[in-house]
Amino acid sequence: NRDSATEGCKITSIAKEFYGKEYVAGTLDRYSNEPLFISSKEVDCTTFVELVLSLYLTPENGCFDDVCRNLERIRYRNGERNGYISRLHYISWWIDDNSKQKIVNEIYTLWHTAEQSSELYFMSRHPESYPQLKEAPELIKEISAYEKIYNNKTRRYIPKEKIAELSNEDIRNGDIIAIVTNIKGLDVAHIGFAYWQKNELHLIHASSSRKKVLCDPLPLSQYL
């Protein structure tokens, strides 16, 4: 429930438990058989958000199996792990699938005045950047087919020059923030959690530059 300050505090409290954990890029790309990889010691920006969300969704009397099941629901298409192709590789896929499952709800405000055309093709055109696609080039066509579903779709976003004008009613503690990119064929470059400090919006995230999970010392408007 996004309207509950308590729930936002719960999400950020879980996220803070990971402060200082190591950032490691491509944590899901070590294995060709797509196991349900889970680590509380090393994360990238997406696996950090997924792990925090899976813990948040697990009731207090839940067990590790519940965490794993929630993680599988979040990470894979229709909540079912069925090989590399079933993983929600693009954040646009991730948002739409998790919205369909009612795990997340995409929020639009009056500040969402810019539009991104989600023409996805980065993975299929750069298979050398993905170990599984290098090892099994036959998967490229399957990835490309899912990418093409998103051709000509658009998604609204908040321009970075407007971020400093936001209030904690527009974006609330614990909201997931996805940062769009102008890299051709890609939709989102980074993801983390909203956190307000001294009336300024910050990002709790697994930082590739600082190599760890932290609340970024820069306000989001400056970080961008």
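I will go through three residues of this predicted model: Arg155, Glu34 and Lys102.

A word on conventions. Residues are numbered from 1 along each chain as its sequence is written, and side-chain values use heavy atoms, with hydrogens and water left out. As the model is predicted, local features need pLDDT of at least 70 and side-chain atom pairs count only at pLDDT 80 or more, while totals for chains, interfaces and linings use all residues.

Start with Arg155. It sits in strand S4, residues 153-157; helices (H or I, at least four residues) and strands (E, at least two) are DSSP runs, numbered from the N terminus. Arg155 has a relative accessible area of 12%, so it is buried. Buried means under 20% relative accessible area, exposed over 50%, and partly exposed in between, with a 1.4 Å probe and protein chains only.

What does the side chain of Arg155 reach? There is a polar contact with the side chain of Asp96 at 2.6 Å, and another with the side chain of Ser92 at 3.3 Å. A polar contact is a pair of N or O atoms within 3.5 Å; within protein, one must be able to donate a hydrogen and the other to accept it, and residues adjacent in sequence count only if both atoms are side-chain atoms.

Next, phi. Most residues other than glycine have a negative phi. Glu34, not a glycine, has a positive phi of about 50°. Glu34 is in the loop between strand S1 (22-23) and strand S2 (42-43), and is buried because its relative accessibility is 2%.

Lys102 also is not a glycine and has a positive phi, about 65°. Lys102 lies in the loop between helix H4 (91-100) and strand S3 (114-118). Its relative accessibility is 74%, so Lys102 counts as exposed.
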